[in-house]
Amino acid sequence: SDFKGSYSMEESVHWKVVKKFLGLVSVHNIPLYLIDPLVLGRMNENSHHEESTGSGLNCKYLCAPREFTTFALLDKFWKNEKDAEEEGFQWMELSGKDPRLAGMDGLSGTEIPLHYIFKLQNHAIHLVVFYERSGNFLWHGQLRLKQNADKKFVHFRKLHFGRYPGAYNRPELHLASIDGLEIRVPKEIANFLEEVSHSRFVECRYKEARTFYQVYPEDTSQDAMEFKKKAKDLLHQAAKILNRQEVPFWLSSGTCLGWFRQCNIIPYSKDVDLGILIKDYKVDIITAFQQAGLPLKHKFGKEDDSLELSFQSTGVKLDVFFFYEEDDYMWNGGTQVKTGKKFKYIFPKFALCWTEFLELKVRVPCKTLPYVEANYGKNWEIPVTSWDWKSSPANVQENGIWPLGDWDEVIQIH
Amino acid sequence: MDEWKPNPRAKPFVPRRHRSWLIAWKYRLTGQRSVRRLCQTGALLFLLVTVIVNIKLILDTRRAVAEEELVQDYDNIIPNMETARRPSHGRKVLDIEVYSSRSKVYVAVDGTTVLEDEVKEQGRGIHVIVLNQATGHVMAKRVFDTYSPHEDEAMILFLNMVSRGRILLFTIKDEGSFHLKDTAKSLLKGLGSQIASSLSWRDMWTFVVKKGGQVYGEKHSKSPALATWGDPVLLKTEVQLSSAEDAECHWAHTDANWRRKTFCSKVEGYGSICSCKDPAPIEFNPDPLKDNKVYEVPVAVIAGNRPNYLYRMLRSLLSAQGVNPEMIVVFIDGYYEEPMDVVELFGLKGVQHTPISIKNARVSQHYKASLTATFNLHPDAKFAVVLEEDLDISVDFFSFLSQTIHLLEDDESLYCISAWNDQGYEHTAEDITLLYRVESMPGLGWVLKKSLYKDELEPKWPTPEKLWDWDMWVRMPEQRKGRECIIPDVSRSYHFGIVGLNMNGYFHEAYFKKHKLNTVPNVQLKNVDSLTKDAYETEIHKLISEAKVLDHSKNPCEDNFIPDTEGKIYIMYIRMEQEADFTTWTQLAKCLHIWDLDVRGNHKGMWRLFRKKNHLLVVGTPSSPYSSKKPATVIPIYLEPPPKEDVELN
């Protein structure tokens, strides 16, 4: 290891503050766990080298002079600020709106605590409050300073969590001994760190969706209900399959528009659309769907050009579009069965964010508006029931014709 | 809360002087000969303008009345809390105006109207306003219709609950003396009123006093004759504000008392909660339940603007064994302050909901929003307990649910578990350990399965423009799909609400007052395992085989129909030609004084209840499958519905 464990615990403010803080929370039985990317990163590096150095005197993780240590607090209210105060901590609570009430119904409740910061000498404990959300995931809020807040309380910009809201799987925890302190940490540290880097969460635009439904009232006919139910079930099923395959996917086309515009399935859309990066493609995807009882309906294109898969569920089709990345844009392809014509759908480059949709944690393009506008034009807000995938999209381009000899491979209908 | 604006509807009171001034001007002009012509034209023009102005005024008033009615129905009589707009700190004296007349009352504090009621046929009686003596804020606003009986008792109760030192303002609208009995009069006299004891028919009266202290003013005008009202009176006075310390109690410094202090400085009328010497508890710490299966089940309390009801409800809820306050969320329909104050007093979570639609549809939308939010807040929950603000909760409510909740998971043929037995009256419910399966959905304290809500109810919940009752909709065959609910023989909730949508005093007295509520803690329920679909049939057949057939030649409405025994099982057969024929049942329900407004509590054409401490099975014949057990000689009882004319005479 190139790390020099030359810091002494006795002299490290960092270590002492963490120790004091952990002592405080253990008295009140508050279940915290460590999520500090730097400490966890160091632990992750070291776990590759040796299991344990054995020497208890060596301070490897919590003694380096650092400004913050970050912990997670699960869905519980911190009610012991006064005790922390007595121990000499200065503290700050940052609260915000409860996103679980921010649905379509115009509810508002008491604000909930999102972040706590406990400061002692020149070290601060950043406590991120995680809440359980529909879709079996944990959510933390954005850290926002209110008008009258002390903006210099700590270097807020340097905090590892809170720049954006985040979504995480509920981690399995275990108790680790870190520099002589018993601390709970995520069991799969590498997985957790990977999650941290892709954790950004965006909320559905409920307010706009409400306005949309005022103009275009919800279709509550039996058919519409049934389609929405089936589409939701299919989406849940597809998410389960792809998550198990560890294939990242996002809501695309009509399903993405439905989420973005009305926080719901568009009842006349007739299918569920997902996007996957072509680099994440593997043949196992097809077999996994088939094994789950979703037969392949058609396969258009091939791995290096315009790949598109469709699976058949009862009454609803699942379309999986594979996206190809170019220097300054992304695209996916389409194929017309009769003519062998190819089409290309161009999108501006996008990053992926988590969102909650139909009690599911799924990804969407973070900047959804340019994505939706590329696909549906500036008038995406107006429902269009007759749609032709070859001419209606705003971003469609003709892309030549498949050579006749390839047709058997690139136009498969089952 | 930050979106709430104090007193959004109140407009500063402006005396309508302009009209009389114009009339005077008109007369002056007509007195001058030289300008008679001009005057005639002018007068005509003026008349025209007056007519237009008046028509507009009438239209506006009508619209205001219409709007007021819509709100009133659901909001109940207790008006929204309003706070004097201008901050009164820094000022030591409050200017008070109190006006009393036949058709209008108003109260202004420092120029801000805190009460104004000129709606016709409404707000009759004595209006009472309570001000905080240190801040001048309105802490309570009530109207007691003391023209009607018993309202004076409610007023006594209320006045006794107000803390000493508060400023009380009284004013009469229309009539306030007819049922103002001596006890109430002497209480008012005790407060310092010179007039109260002689207050009589259609007198106008205003009175401002510090409770247990100085009288700031009193004005009165006698009604000259039976058919006329006393002249309007306007009392103008000043009230010296006292220092904040004098207005506060010195309770021990605990979290609970901090909440108490906040509450007591804002609202009044909650009695000993705010007593300085011996305040009523706001934390109850009932015994925990062993092996509590519902500890993590969220509890949604659906509320409107009936803060006193909510207060009573939450007290009983928080006193029930096995309650988990962390899981309780109170959903308030509207941005009302006082219900939220009550929620915060108990340290619970409250959620406010922007009202959607009107009347029944508004309640229905509020239910939907609340249920959706409940499952959002607790994504792991498989169930939710749904309560309303006008229910008392039995001490073993959670114990009852803990013992039965697994049935909802085990048995697909179940729709809900409800704490309420529609037919469980004092004289028809007996066995606190007994449960039934019923084809109706009683509501009033029940458990909803998440999958039922998410997969079936939420997606097709009636939209706001359909003015449907949510509970009627949930009961419809399209939703219930033949599934049943589990209910106890003796209810675990009690419906005490008298004021509300679909509810009035008469209705409550007839159908709810004599409902039985279990008061025994930790009741061990006895037949839980025999409540699943098939097991229940076995149980019923066993019961029927043990049951003694009653003498069908006797009148079932007579007391001697049931022998004077205890602990026996009896069975009777009534006529029921097909599944929907409830002619005889309805008549029987009427004479037994149980729920007869629609059919409740049936299971396959059979009803179970208690009479004189005996279990009674009522089987509809030949529709019910159990009628095959009827001895051939027994002729099913038939009760005739009342003749049609009787109904039409109303």
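**Stop 1: chain B against chain A**

Select the contact between the two chains: 24 residues come from chain B and 19 residues from chain A, where contact means heavy atoms within 4.5 Å. About 1900 Å² is buried between chain B and chain A, and carbon and sulfur atoms give 47% of that area. Buried area is the accessible area (1.4 Å probe) that two parts lose on being put together, summed over both. Now pick B:Asn376, B:Leu377 and B:Pro379. They supply 24% of the area that chain B buries against chain A, more than any other three residues.

This is a predicted model: local features need pLDDT of at least 70, side-chain atom pairs count only at pLDDT 80 or more, and totals for chains, interfaces and linings use all residues. Residues are numbered from 1 along each chain as its sequence is written, chains are lettered from A and ligands numbered from 1 in the order in which they are written, and side-chain values use heavy atoms, with hydrogens and water left out.

**Stop 2: the domains of chain A**

Colour chain A by domain: domain 1 is 9-198 and domain 2 is 206-413. Such bounds come from an automatic or database domain assignment. The C-alpha centres of these two domains of chain A lie 37 Å apart. Across the boundary, 14 residues of domain 1 of chain A touch eleven residues of domain 2 of chain A. Together the two bury about 970 Å², 58% of it on carbon and sulfur atoms. Show A:Met104, A:Ser134 and A:Phe137 next. These supply 46% of the area that domain 1 of chain A buries against domain 2 of chain A, more than any other three residues.

**Stop 3: a helix pair in chain A**

Go to α7 (residues 253-262) and α9 (residues 368-376) of chain A; they pack at about 130°, with their axes 10 Å apart. Helices (H or I, at least four residues) and strands (E, at least two) are DSSP runs, numbered from the N terminus. Axes are lines fitted to C-alpha atoms, for helices over the stretch in contact, and angles run from 0 to 180 degrees between N-to-C directions. α7(A) and α9(A) are therefore oblique to each other. Angles under 35 degrees count as roughly parallel, over 145 as roughly antiparallel, 65 to 115 as roughly perpendicular and the rest as oblique. Show side chains: among the residues that meet are A:Trp259 and A:Phe260 in α7(A), and A:Tyr371 and A:Tyr376 in α9(A).

**Stop 4: domains 2 and 3 of chain B**

Chain B is divided into domain 1 (93-246), domain 2 (252-282), domain 3 (299-527) and domain 4 (532-629). Select domain 2 and domain 3 of chain B. Their centres, taken over C-alpha atoms, are separated by 28 Å. Eleven residues of domain 2 of chain B and twelve residues of domain 3 of chain B form the contact. The pair buries about 990 Å², with 58% on carbon and sulfur atoms. On the domain 2 side of chain B, B:Arg259, B:Phe263 and B:Tyr270 lose the most area to domain 3 of chain B, together 51% of what that side buries.

**Stop 5: α3 and α4 of chain B**

Select residues 151-161 (α3) and 182-191 (α4) of chain B: the helices pack at about 30°, axes 9 Å apart. That makes α3(B) roughly parallel to α4(B). Here B:Met155, B:Ile156 and B:Leu159 are among the α3(B) residues that meet α4(B), whose own include B:Leu187 and B:Leu188.

**Stop 6: backbone details**

Step to B:His150, in the loop between β5 (138-144) and α3 of chain B. Phi of B:His150 is near 70°, a positive value in a residue other than glycine. Finish at B:Thr621 and B:Pro622, joined by a cis peptide bond with omega about 5°. B:Pro622 sits in strand β24 (residues 614-622) of chain B.
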